[in-house]
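Me: Hi! I've got a structure open here and would like to talk it through. Could you help me find my way around?

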Amino acid sequence: DANVNIKANDLNLYSTTMPLGLPAIKGSIDSQITMAGHIANPEVKAKVLGNNLALESVSINDLEFEGSINSFGHAEIKRLIIKDQDLVIDVKGSADVFEKGFMLKDVVNANMFVSGQNIIPKRFFESDDIKIDQEYLNSLINFNLNVDVDYANNASMDKINFYDKQIPVKN
């Protein structure tokens, strides 16, 4: 058995991602990651706080994440909060993701609660990305969504139905 504790304070992401050949991410994070138990099935816990994050045209003022994966492959998002200007997205949930040895399960069972405030879809979609009336892309949306999902590994879908609107999905 092993115990590992990794902590980073005010880590500059740009100077970290560029030399690694990763997409340039701007901003900084504070993080604490702990791993404990057997190397084949460790328990992992993570806390991350991000400030002034940006990747290409997407920016986030504040990001908070707290989550874990236990030795049985059960993942839990205790808190994922994304804030930018008036926009707030809050995610909580859990999923049975891994078999022993961190092999991805054939079917992932998940329960997620997603809440959004002051969401303007145009910010996330180009008008050519989805076939939807432009009026909807400029709308201000507040929502709460509780979802139970079984996702089969290697599955794909070509659209999502919201009431009578179809949104194509790019896989």
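Me: Let's start with a pairing: which residue is the bridge partner of isoleucine 25 in β3?
Reply: That would be leucine 55, which is the bridge partner of isoleucine 25 in β3. Please keep in mind that this is a predicted model.

Me: Noted. How many bridges do β2 and β3 have in their pairing?
Reply: There are 11 bridges, and β2 and β3 (residues 43-55) run in the antiparallel sense.

Me: And what is the order of the strands in the sheet?
Reply: The order is β1-β2-β3-β4-β5-β6-β7-β8, an open sheet of 8 strands with antiparallel pairing. At its edges stand β1 (2-12) and β8 (141-152); each has a single partner strand, so one side of each lacks a neighbour in the sheet.

Me: By how many degrees are neighbouring strands turned against each other?
Reply: On average by 10°, with direction ignored.

Me: Switching to side chains. Where is serine 28 found?
Reply: Serine 28 sits in strand β2, which covers residues 25-37.

Me: Is serine 28 buried or exposed?
Reply: Buried: the relative accessible area of serine 28 is 15%, and the cut-off for buried is under 20%.

Me: What does the side chain of serine 28 make a polar contact with?
Reply: With the side chain of aspartate 10, at 3.4 Å. Setting aside neighbours within four places in sequence, serine 28 is in contact with Asp10, Leu11, Leu49, Gly50, Asn51 and Leu53.

Me: There's another serine I'd like to check. Where is serine 68 found?
Reply: Serine 68 belongs to strand β4 (residues 58-69). Serine 68 is buried, with a relative accessible area of 18%.

Me: And which residues does serine 68 touch?
Reply: Not counting residues up to four places away in sequence, serine 68 touches Val44, Lys45, His74, Ala75 and Glu76.

Me: Now the charges. How many salt bridges does a search of the whole structure find?
Reply: The search finds 4 salt bridges. One of them joins the side chains of glutamate 64 and arginine 79, at 3.6 Å from N to O. Glutamate 64 lies in strand β4 and arginine 79 in strand β5 (residues 74-84), so this pair ties together parts that are 15 residues apart in sequence.

Me: Which glutamate forms a salt bridge with arginine 79 with the closest N and O atoms 3.0 Å apart?
Reply: Glutamate 66. This pair also links distant parts of the chain, with glutamate 66 in strand β4 and arginine 79 in strand β5, 13 residues apart.

Me: Why does glutamate 66 count as buried?
Reply: Because glutamate 66 has 19% relative accessibility, and buried means under 20%. Glutamate 64, at 25% relative accessibility, counts as partly exposed. Arginine 79 is partly exposed too, with a relative accessible area of 33%.

Me: Last one: which residues do salt bridges that share partners join into one network?
Reply: Glu64, Glu66 and Arg79.

Key
Residues are numbered from 1 along each chain as its sequence is written. This is a predicted model: local features need pLDDT of at least 70, side-chain atom pairs count only at pLDDT 80 or more; totals for chains, interfaces and linings use all residues. Side-chain values use heavy atoms; hydrogens and water are left out. Helices (H or I, at least four residues) and strands (E, at least two) are DSSP runs, numbered from the N terminus. Buried means under 20% relative accessible area, exposed over 50%, partly exposed in between (1.4 Å probe, protein chains only). A polar contact is a pair of N or O atoms within 3.5 Å; within protein, one must be able to donate a hydrogen and the other to accept it, and residues adjacent in sequence count only if both atoms are side-chain atoms. Contact means heavy atoms within 4.5 Å. Two strands pair if DSSP finds at least two bridges between them. Axes are lines fitted to C-alpha atoms, for helices over the stretch in contact, and angles run from 0 to 180 degrees between N-to-C directions.
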